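Good morning, colleagues. I would like to take you through one model, from its loops to its core and its surface.

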Amino acid sequence: MRTLSSNGNYLMYSTNDSSLFLVDIRQQNPKPIKINLEKNLNYSSKISIADDGKTFCILNEENNNYNFYLFDTFGKIKE
(Lines give C-alpha, C1' and ligand atoms only; values in the text may rest on other atoms or scores of the structure.)
Protein backbone atom coordinates (compact mmCIF):
# COMPACT_ATOMS: atom_id res chain seq x y z
CA MET A 1 0.00 0.00 0.00
CA ARG A 2 1.21 3.51 -0.73
CA THR A 3 -0.21 6.99 -0.91
CA LEU A 4 0.90 10.50 -1.72
CA SER A 5 -0.46 13.65 -0.06
CA SER A 6 -2.65 15.71 -2.39
CA ASN A 7 0.02 18.44 -2.58
CA GLY A 8 2.68 15.86 -3.51
CA ASN A 9 4.98 16.61 -0.56
CA TYR A 10 4.62 13.39 1.47
CA LEU A 11 4.72 9.74 0.55
CA MET A 12 3.60 6.89 2.83
CA TYR A 13 4.08 3.24 2.04
CA SER A 14 3.95 -0.13 3.75
CA THR A 15 6.07 -3.22 3.26
CA ASN A 16 5.14 -6.89 3.14
CA ASP A 17 5.63 -7.19 6.91
CA SER A 18 3.12 -4.31 7.48
CA SER A 19 5.80 -1.78 8.42
CA LEU A 20 4.74 1.78 7.58
CA PHE A 21 7.11 4.52 6.36
CA LEU A 22 6.79 8.27 5.79
CA VAL A 23 8.97 10.20 3.33
CA ASP A 24 9.11 13.99 3.02
CA ILE A 25 9.97 14.17 -0.66
CA ARG A 26 10.68 17.92 -0.51
CA GLN A 27 14.01 17.19 1.19
CA GLN A 28 17.22 17.19 -0.82
CA ASN A 29 17.95 13.56 0.15
CA PRO A 30 14.60 12.08 1.23
CA LYS A 31 14.87 9.26 3.75
CA PRO A 32 12.00 7.03 4.90
CA ILE A 33 11.03 7.26 8.56
CA LYS A 34 9.50 4.15 10.09
CA ILE A 35 6.24 4.74 11.96
CA ASN A 36 5.35 2.39 14.80
CA LEU A 37 1.57 2.13 14.77
CA GLU A 38 -0.61 1.58 17.83
CA LYS A 39 -2.99 -0.34 15.52
CA ASN A 40 -1.98 -3.01 13.00
CA LEU A 41 -2.52 -2.72 9.29
CA ASN A 42 -4.26 -5.49 7.39
CA TYR A 43 -4.19 -6.44 3.72
CA SER A 44 -7.30 -4.39 2.93
CA SER A 45 -6.21 -1.21 4.78
CA LYS A 46 -6.40 2.08 2.91
CA ILE A 47 -4.33 5.07 3.97
CA SER A 48 -4.32 8.82 3.35
CA ILE A 49 -2.02 11.56 4.63
CA ALA A 50 -2.74 15.22 5.36
CA ASP A 51 -1.07 17.88 3.22
CA ASP A 52 0.97 19.11 6.19
CA GLY A 53 2.34 15.59 6.82
CA LYS A 54 1.39 15.74 10.53
CA THR A 55 -1.54 13.31 10.52
CA PHE A 56 -2.73 10.38 8.50
CA CYS A 57 -5.72 8.08 8.58
CA ILE A 58 -6.23 4.40 7.99
CA LEU A 59 -9.45 2.76 6.93
CA ASN A 60 -9.67 -0.95 7.74
CA GLU A 61 -12.36 -3.21 6.34
CA GLU A 62 -13.09 -6.62 7.80
CA ASN A 63 -16.19 -8.62 6.84
CA ASN A 64 -18.02 -5.48 5.64
CA ASN A 65 -17.19 -3.68 8.90
CA TYR A 66 -15.25 -0.44 8.49
CA ASN A 67 -12.99 1.13 11.11
CA PHE A 68 -11.40 4.56 10.69
CA TYR A 69 -8.33 5.61 12.71
CA LEU A 70 -6.57 8.97 12.79
CA PHE A 71 -2.87 8.96 13.74
CA ASP A 72 -0.11 11.46 14.33
CA THR A 73 3.24 10.81 12.62
CA PHE A 74 4.50 9.03 15.75
CA GLY A 75 1.88 6.32 15.16
CA LYS A 76 -0.30 7.36 18.11
CA ILE A 77 -4.07 7.31 17.65
CA LYS A 78 -5.60 10.78 17.90
CA GLU A 79 -8.96 11.17 19.55
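Strands here are DSSP runs of E with at least two residues, and helices are runs of H or I with at least four; both are numbered from the N terminus. This is a predicted model, in which local features need pLDDT of at least 70 and side-chain atom pairs count only at pLDDT 80 or more, while totals for chains, interfaces and linings use all residues. Residues are numbered from 1 along each chain as its sequence is written, and side-chain values use heavy atoms, with hydrogens and water left out.

I begin with the loop between S6 and S7, where Asn63 is found. Phi of Asn63 is near 50°, a positive value in a residue other than glycine. Asn64 lies in that loop between S6 and S7 too, and its phi is also positive, at about 65°, although Asn64 is not a glycine. For accessibility, buried means under 20% relative accessible area, exposed over 50%, and partly exposed in between, with a 1.4 Å probe and protein chains only. Asn63 therefore counts as exposed at 76%, and Asn64 is exposed at 61%.

Next, Ser5. Is Ser5 buried or exposed? Ser5 counts as buried, because its relative accessibility is 3%. Its place is in the loop between strand S1 (2-4) and strand S2 (10-14). A polar contact is a pair of N or O atoms within 3.5 Å; within protein, one must be able to donate a hydrogen and the other to accept it, and residues adjacent in sequence count only if both atoms are side-chain atoms. The side chain of Ser5 makes such a contact with the side chain of Asn7, at 2.6 Å, and reaches the backbone nitrogen of Asn9 at 3.2 Å.

I turn now to the interior. In soluble globular proteins, nonpolar side chains tend to be buried together. A nonpolar core is a set of buried Ala, Val, Leu, Ile, Met, Phe, Trp, Tyr and Cys residues joined through side-chain atoms within 4.5 Å. The largest one has 12 residues in all, among them Tyr10, Leu22, Ile49 and Phe71. The elements giving two or more residues to this core are S2, strand S3 (20-24), strand S5 (46-49), S6 and S7.

Finally, Asn16 lies in the loop between S2 and S3 and counts as exposed, because its relative accessibility is 85%. Its C-alpha atom is separated by 9.4 Å from that of Tyr43, 27 residues apart along the chain.
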